[in-house]
Amino acid sequence: MNLAIDQRRLLSEIEALARISEADPPAVTRIVFSPKDLEARGWLRTKFEAAGLEVRQDAIGNTFARWTGADTAALAVATGSHIDAIPNAGKYDGVVGVLGGLEAIRALQQSGFRPTRSIELIVFTSEEPTRFGIGCLGSRMLSGTLTPAAARLLKDRAGVPLEDVRRQAGMQSALESVPLPSAAYSAFVELHIEQGPLLERAKVPLGIVENIAAPASLQIFVQGDGGHAGAVLMPDRQDALCAAAEVVLAVEHAARFSGSSDTVATVGICDVFPGAINSVPSRVRLTLDARDIDLARRDTVLAAIENQARAISEKRKVSVRFEVVSADAPASCSSLTTDALMQSCRKHALPFQKIVSRAYHDSLFMSRIAPAGMLFIPCRHGYSHRPDEYASPEDIVRGTLVLAETLSFLSR
Ligand code: GLV
Ligand code: MN
Ligand code: MN
């Protein structure tokens, strides 16, 4: 089998998709179900159909493009990732796994390979939490981790229910049709940029993921008392933002001194009410993103943050309330997929190293309904979620080649 990856076509498609964006280049912003996201979905569909793939979309907008294998009764092999992009992002996060997956299928088709199992390329809806506050919306629902009833409660930041947004985007059927059976695919493999610096530092072109760190996402509501910024004297204040500032520092401290550099915690959003220069803040909403490869340690850190917040609330006479949006367990990649990835690297004499994924991915949830694995390629300086995110053409092609080989092993 002679696998030839068409570098020119793949790179030009990555550039073309990057232009379907709400932000000016080089930044990419593509929020789920926005006009640009819908345009990008339409653009992708034509590419999938041109490759002879059978395309379907489910009720939450996950898109499945299938290359039917000889044995239609056998479980399919799947690959894929996401195309939504956070505000002011780059062009490779997720996209490399989607367009690389398409190119891998085209390379297999052109080589004359005919799969026994069908090969399905999946574009997951809203891997990023930007709009509905929860990451991996599509794969979370496919795996049954987020129930249709819980999904129906989700609203975007403007207060518009997910139900309305998805129906306006053309998805009419009930969310109950989204979850897949517990053994949905014979294997799932996701190609992705590393989003960290380790492969680049080690000068190793490929990373085979062993574990995906456990993410948790919370909202913290601080309620104080407002008033006139000139008239309320300092001893009388219950300033919600001052209390929130102490909570933010408590978050940093708890993660920093957890005993392991694998613990990370970030407050990325701070909404202040009423948000006027001459008004004492009465209400603040913070978001907290905490992760660790060790679930118990992550939860210990979360508990320490809550304890600290309680002390701050007493001292400052404000109330502090925590709301868990999601708290996921870590995932281990299956030996079926990691062995196939290693075999493929060896076949092409490509060096690889085992690696931990500190970012979360749709693979975290696909691992609940299929033996799952991930392949990382380096990205410059480890930059991601910023416009200067960059993966070299050579690395993208290498990753796509190994993905194609792996899909051939898994679909025989
Ligand atoms: C995914 O984008 C993540 O935040 O890890
Ligand atoms: Mn991302
Ligand atoms: Mn991603």
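Modeller: Residues are numbered from 1 along each chain as its sequence is written, while chains are lettered from A and ligands numbered from 1 in the order in which they are written. The model is predicted, so local features need pLDDT of at least 70, side-chain atom pairs count only at pLDDT 80 or more, and totals for chains, interfaces and linings use all residues; side-chain values use heavy atoms, with hydrogens and water left out.

Colleague: What makes a residue a donor of the manganese ion (ligand 3)?

Modeller: A donor is an N, O or S atom within 2.8 Å of the metal (3.2 Å for Na, K and Ca). His82 (NE2), Asp93 (OD) and His192 (NE2) coordinate this ion at 2.0 to 2.3 Å. Those distances fall within 2.8 Å, so the atoms count as donors. Their spacing along the chain is H-x10-D-x98-H. Water is not among the atoms, so sites may look incomplete.

Colleague: Which parts of the chain do His82 and Asp93 tie together?

Modeller: His82 lies in strand 4 (residues 77-82), and Asp93 in the loop between strand 5 (85-89) and helix 3 (95-111), so the pair ties together parts that are 11 residues apart in sequence. Helices (H or I, at least four residues) and strands (E, at least two) are DSSP runs, numbered from the N terminus.

Colleague: Which residue bridges the manganese ion (ligand 3) and the manganese ion (ligand 2)?

Modeller: Asp93 does, and the two ions lie 3.7 Å apart. The manganese ion (ligand 2) has Asp93 (OD), Glu128 (OE) and His385 (NE2) as protein donors, at 2.0 to 2.1 Å. Here the spacing reads D-x34-E-x256-H. Glu128 is in the loop between strand 6 (119-124) and helix 4 (137-142) and Asp93 in the loop between strand 5 and helix 3, so this pair ties together parts 35 residues apart in sequence.

Colleague: Why is Ser111 called partly exposed?

Modeller: Buried means under 20% relative accessible area, exposed over 50%, and partly exposed in between (1.4 Å probe, protein chains only). Ser111 has 22% relative accessibility, so it counts as partly exposed. Ser111 sits in helix 3. By contrast, Asp93 and Glu128 are both buried, and so is His82.

Colleague: What makes strand 7 largely enclosed?

Modeller: Seven of the seven residues of strand 7 (residues 187-193) are buried, so the rest of the structure largely encloses it. Ala187, Val189, Leu191 and Ile193 point one way, and Phe188, Glu190 and His192 the other.

Colleague: How do you know that strand 7 pairs with strand 4?

Modeller: Two strands pair if DSSP finds at least two bridges between them. Strand 4 and strand 7 have three, in the parallel sense, so they pair. Val77 stands opposite Ala187. Strand 17 (residues 372-377) also runs parallel to strand 7, joined by six bridges. There, Gly373 is the bridge partner of Val189.
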